[in-house]
Amino acid sequence: MKPVDLHASLKMSLTVGLLAAAFSVQGQSTYSWMSPDVGKAWDSGYKGQGATITVVDDFSGDSPFSGNLGTGGQLQGHGDWTALQASMIAPEAMVVQRNWGSEAVALTQGRLNVLNMSYGMYARSGYGVNRISWSGQEQSIINYAKTGAAVIAKAAGNDAVAVGRANRSGNVDYLNLALKGAPSAIYVGALSSNGSTTAKASLASYSNYAGSDSAIQKNFLVVGVKGDTTGLYGTSFAAPIISGYAAVIGSKFTAATPTQIANQLLTTARTDTLRNYRASVYGRGEASLTRALAPVSIR
């Protein structure tokens, strides 16, 4: 049988943007959709300096939609939104916009590399990953994840199924499956709000969840996606938060490898901020930037 040739398939919700309040932090603004951890990190001087976040996405602008991340209502494309969100979390990181293509994704030498992937590669269920004919773009991303050359923040998907399982149309995101077990890859699910010990968060109704596979649970995180505030829903807008967090962590732990930074996010995740925590739903838990930055060093 011939290999399966996959094409990118974006999952997103087109909604009207709402007002997002801004709060000043040492000359820069955090916003109400952000976790309070972001402002604390900035106060300590960690804003993503020394990191490159490459956002692989649709920058063609053919299907713009409205939203508001706190800088005013805008109408723009999916890639523009995800790149903007990552840059707002890590304002001193270099953010590279990389439109979908077939060529390998280049890394920036001498800097921490973070790749944001708010998309999936879908085909009918039943194929083995080794039968997929990847383009140079996806093959390079998979290689970077497996060799630990870059932190990979991968949107878990919006089908309300376990990562790696077929959706209602019988299709599977094979890019999720290809990243399984990769040491520097993180699957990112969406919560409907940021959690706290007094107001615990739940998984968003649309978000894919970790499922019963322990290898996926090990690399699965959740973060709040406040679509009621921003008008932007979907795990597409959870992944850039983790991309920004990785860059911020790298600005403190400048000698850390991408795998060490990914592991730091995963091992410091909180479960006490989640309603009815189960690893099969939330994986490692809700990402905590404050806890990830707490040690003097990581390894």
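I begin with Asn276, which counts as exposed at 59% relative accessibility. Here exposed means over 50% relative accessible area, buried means under 20%, and partly exposed lies in between, with a 1.4 Å probe and protein chains only. Asn276 sits in the loop between α8 and α9 (279-282), and its phi is near 55°, a positive value in a residue other than glycine. Helices here are DSSP runs of H or I with at least four residues, strands are runs of E with at least two, and both are numbered from the N terminus.

Some conventions are needed before I go on. This is a predicted model, in which local features need pLDDT of at least 70, side-chain atom pairs count only at pLDDT 80 or more, and totals for chains, interfaces and linings use all residues. Residues are numbered from 1 along each chain as its sequence is written, and side-chain values use heavy atoms, with hydrogens and water left out.

A second residue with positive phi is Ala160, again near 55° and again not a glycine. Ala160 belongs to the loop between β12 and β13 (171-173). With a relative accessible area of 37%, Ala160 is partly exposed.

Let me now turn to the protein as a whole. Its secondary structure comes to ten helices and 15 strands. For 299 residues, a compact globule would have a radius of gyration near 19 Å, and the 17 Å of this protein agrees with that. That radius is taken over C-alpha atoms, and the globule rule is 2.2 Å times the number of residues to the power 0.38. The C-alpha trace spans about 60 × 40 × 40 Å along its principal axes.

Buried residues account for 54% of the 299. Among contacts with a separation of 6 or more, 76% join residues 24 or more positions apart; a contact means heavy atoms within 4.5 Å.

Next, the helix α8. Which residues of α8 (258-267) are buried? They are Pro258, Ile261, Ala262, Gln264, Leu265 and Leu266. Their cover includes the strands β9 (112-117), β12 (151-155), β14 (185-191) and β15 (220-224), together with the helices α7 (239-252) and α10 (289-293).

Strand β9 also holds Asn113, which is buried at 4% relative accessibility. A polar atom of the Asn113 side chain lies 3.2 Å from the backbone oxygen of Arg111. A polar contact is a pair of N or O atoms within 3.5 Å; within protein, one must be able to donate a hydrogen and the other to accept it, and residues adjacent in sequence count only if both atoms are side-chain atoms. Beyond four places in sequence, Asn113 touches Thr52, Leu107, Thr108, Ala149, Ala150 and Val151.

Another asparagine, Asn176, is in helix α4 (residues 174-178) and is buried at 2%.

Gln217, in helix α5 (residues 214-217), is buried with a relative accessible area of 17%. Gln217 and Arg284 are 67 residues apart in sequence, with 6.5 Å between their C-alpha atoms. Beyond four places in sequence, the residues that Gln217 touches include Gly211, Ala279 and Ser280.

Gly211, in the loop between β14 and α5, is buried at 5%. Its C-alpha atom is separated by 6.2 Å from that of Val281, 70 residues away along the chain. Finally, Ala90, in the loop between α2 (78-89) and β8 (94-99), has a relative accessible area of 0%, and among its contacts beyond four places in sequence are Lys47, Ile53 and Val248.
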